[in-house]
Each structure stands twice: as structure tokens, then as C-alpha cells.
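Before reading on, please look at how the parts of this model are arranged.

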Amino acid sequence: MKTLDEFVALFAEQFDETDADQFAPETNFRELDEWSSLIGLSIIAMVDEEFGIALKGNDFRQATTISDLYEVIKSKQ
Amino acid sequence: MAFLEFKNVRIAGVAAGVPKNVVSNYTLKSGEDISVDYTPEAFVETTGVKERRCSESLTTSDLSFAAAEKLIAELGWEKSEIEALVFVSQTADYFLPATACILQDRLGLSKECYAEDVALGCSGWVYGLSNVASLVSSGAIKKALLLAGDAKKRSKMKRDPLFGDAGTATAIEYVNGAKGFQFHFGTDGSGYDAIIAPDGGSRNQVTPQSFELKEYEGKMMHNLQTHMKGMDVFSFGITTAPKSVKKLAEHFNFNYLDADYVIFHQANMKMNNQIVKKLKLDPERVPSCMYQFGNTSSASIPLTIVSQLKGQFENKPTKFICCGFGVGLSWGTVALETNNIVIPSIVEVKDNEDNYGYKL
């Protein structure tokens, strides 16, 4: 399984306008200006591809930071 | 395992009807809104829906009727020969009676006609095709119509920019020895609320509160409107559609990469691209019409065939895989081969052209 740092980098790749240095494990992704449910779809597609897991809306609601989301993915592995 | 096969049937033709009125998603008027969460440009980039067809007056049955009339004429079928009509829609003309009954009369079909409605959405064309095939396969009924689509809703409301209006007609006939259709079907009712119009049925009857606007995923909506959990539907689509295609191919022992065309329900571009990627399909063989017409529910598979493939495949043997998935949650995939098929050009229907219907 990919590491947390790798996940943060993949997470950052789904954004077009937000600089990569804005992303860290403790980043509250909903507070990013560019965050929207459409970016959420890109994250779901990325997680499906990289981890083979299908995230749902509830999985996002449980998470505040990028690291939280990584933990959700880990628990589904 | 819901695998089905019906032999001795073929598709004789496919037609589609859409409103003439084009609505752009870049320049939405008031009364049409995109979530406050994102811009029209971001919406178009993710969903692929640049424009779609919408009408305030034309119902699904009006559009399907127009498609059916043109298809019957170009096929040269006698209306008296058509003995079954299946109407697939979630926007029926009335709560009762079934719209298929109205269409039997309106199309001038024989009274010796089997007619029924099927209340499915994105998976509906594939389900409808299996219903019709099961009727025709024995030869007891020789010619039948499958009308499928969604259009004007049950109440005036802001339109979701993802969805467009369309009605389609597919003509199915008995041919002794024809290879027929092979299906896989699945259902997961635990996701019934992923796409739901909560009020207006008998579970939650219409009350004045049904019209109260509440915030739902960044939009103000009332309970007669369709509520969609976008992330859950996305997740469902990218996992279920590829599996269904693979299961069908495995069960009937063919290679899905050999299909000339693989037509998916036009859900949204990001979802469909992901499905294509997962199946390692050649994107050239996966035509799409959501850019022009949006997500048209059960019309999307036949509308893609008519709008994107007309003139390219009619008179040569062509292998199709078609996969519908969505509201229910419900999904279905079919493998079929066409040859000498009739594809009329898209019928554009003007608003208010049609004054059909019951008035109090």
C-alpha cells in the first residue's frame, strides 16, 4: 500500500489551481478554496485506481484532514 | 446470477427524439442552477455536459412518439403488425394510466397489443430490451417497440444541468435463427436513496411541506425533486459497470475487447472515462453524446447510437456491448450484433408543437 506521503501527493494532483506546498497530512481539505464535490469525484477515481477501494460520501464526511482519509482507506484494505 | 439469453430476435432499427430547444451550461438562465460550490466551467470540465435539450412542454412520451413514428415509417413496418410496446421511463405522463397504453392508441397500433410501463432510469433500456426480447423470442409476437427516455418532470422546478430530455424508439423483430441478445443484470436496493425523489409516491405523500426548499449538497431543493448523492453514485458506477461487462463476457465466453462498440449509459464524463480506463477499452470504440445531450437516463444508450454512429455501421455486421447503471441501484449489460439496421436521423421536436393530452 502507498505511504501517507505518497497519498498526499496523489491527493494534491487532483487540484488544478492549488499549489502542491498547500498539502500536508494535517491539511483540512475542505478549507481549501478549490475543494468542491467535483474534486471529490477525482479523489474517488484516484483512490479506486491506486488502492482498489471505492470511497463513498460517508467516508469523506468522517474525515477532516487528508491523513484522516488515508486512515479510512487503510481500514478498508 | 442474473444471466439471460434470448435467441431468434434482432434490433431492426433505433431512433431518437429530442426537444429542438438547446440549453447551454455556460450561460444558464435563472431557473437553472449549478451548485454554489463550483463554477459552470468546473461543472462542464468534470461532467462533460456542455449543452443539452430541454423543453417545458414536451413529455417523454411526446419525444418517444416522434421517434417511433419516424422509425416505423423508415422501416416500412405496418402498424397493425406491432403487437407489443414497452415504455421505460421515470417521467410517465400520468400517475395512471400506464403511458404505454396511451402510446398504443396514439401510435395507432392494434388493440391486440401487449403494453406495459417499466419504471427504471439509467439501466432501463437494457431491462426493457430483455422484456421485449422475452416476448418476441418465441415468435408468438413478431414485431415490437421499446420506447425509453426521460424528459419533463412532474413539477416545475429548477433543472439540474447534468440532465437532458430525450425519448427513443427501438424496433425489435423475430427472425428465426438470429443470434439474439445476451444479458447480465444486477440490483442493489440498499442504495435506493442514492438517487431519489422522496415525496409524491405513497410512502411520502404530497403535502404542503413537500414544496419547502431545503439545502441539499449546495443546492436549494424541494422533496419532489430528484436528490442525488453524487459521490456514492460515482463510486457505484466506476465499480459496478466494469464488473458487469466482465461478468457477461466471462459467462457467455467471449472477449469484450472484440466488440466494435461499447456503449455506456451517459452518466458523466469523469465517471465514464474511469470505466473505460478500468476495462482498458479503446476510447475510439466508446462513443459518447453527453457533451451535446447531457445525461438522458434510459435514452442515453440508444441516443448515443443514433447521434454518434449513424452512417457508420448500419449495413455491416457490428458487435455491441451496451451497459446501463444507476438509480435503483440497478444495472444491466447486453451483448448483441446488428446488421441491416435502420437508423433515422434525430427527430427534433419543437416546444408546444404538441397539444396531445388530457386537460381538465
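The model is a predicted one, in which local features need pLDDT of at least 70 and side-chain atom pairs count only at pLDDT 80 or more, whereas totals for chains, interfaces and linings use all residues. Residues are numbered from 1 along each chain as its sequence is written, while chains are lettered from A and ligands numbered from 1 in the order in which they are written.

Chain B has 8 helices and 17 strands, and its C-alpha atoms fill a box of roughly 55 × 50 × 35 Å along the principal axes. For its 360 residues the globule rule gives a radius of gyration near 21 Å, and the 19 Å of chain B agrees. Buried residues account for 51% of the 360 residues in chain B. Contacts, which require C-beta atoms placed from the backbone to lie within 7 Å, can also be sorted by sequence separation: among those in chain B between residues at least 6 apart in sequence, 80% join residues at least 24 apart, and the corresponding share in chain A is 53%.

One sheet of chain B deserves a walk from strand to strand. Its 5 strands form an open sheet in the order 1-9-16-15-14, with mixed pairing. Strand 1 and strand 14 (261-264) of chain B stand at the edges with a single partner strand each, so one side of each is left without a neighbour in the sheet. Neighbouring strands of this sheet are turned by 15° against each other on average, direction ignored.

Within this sheet, strand 9 of chain B is joined to strand 16 of chain B by 6 bridges and the two run antiparallel, with Gln182(B) standing opposite Ala335(B) in strand 16. Strand 15 and strand 16 of chain B also pair in the antiparallel sense, over 9 bridges, and here Ile321(B) has Ala335(B) as its bridge partner in strand 16 of chain B. The hairpin of these two strands has 3 residues between the strands, and in it Gly328(B) takes a positive phi near 150°. Strand 16 of chain B is largely enclosed by the rest of the structure, because 8 of its 9 residues are buried. Strand 14 and strand 15 (residues 318-326) of chain B, by contrast, run parallel and are joined by 4 bridges; the partner of Ile263(B) in strand 15 is Cys322(B).

Two helices lie across this sheet. Helix 4 of chain B lies across strand 1, strand 9 (181-187), strand 15 and strand 16 (330-338) of chain B, running at about 60° to strand 16, where axes are lines fitted to C-alpha atoms, for helices over the stretch in contact, and angles run from 0 to 180 degrees between N-to-C directions. Helix 8 (residues 300-309) of chain B lies across strand 14 and strand 15 of chain B, at about 130° to strand 14.

An automatic or database domain assignment gives chain B domain 1 (2-180 + 343-349) and domain 2 (183-338).

Between the chains, 14 residues of chain A are in contact with 16 residues of chain B. Helix 2 (37-51) and helix 3 (57-61) of chain A each supply at least two residues of the side of chain A that touches chain B, and helix 2 gives the most, with 8 residues.

Terms used: Two strands pair if DSSP finds at least two bridges between them. A residue is buried if 20 or more other C-beta atoms lie within 10 Å of its own, exposed if 12 or fewer, and partly exposed in between; C-beta atoms are placed from the backbone. The radius of gyration is taken over C-alpha atoms; the globule rule is 2.2 Å times the number of residues to the power 0.38.
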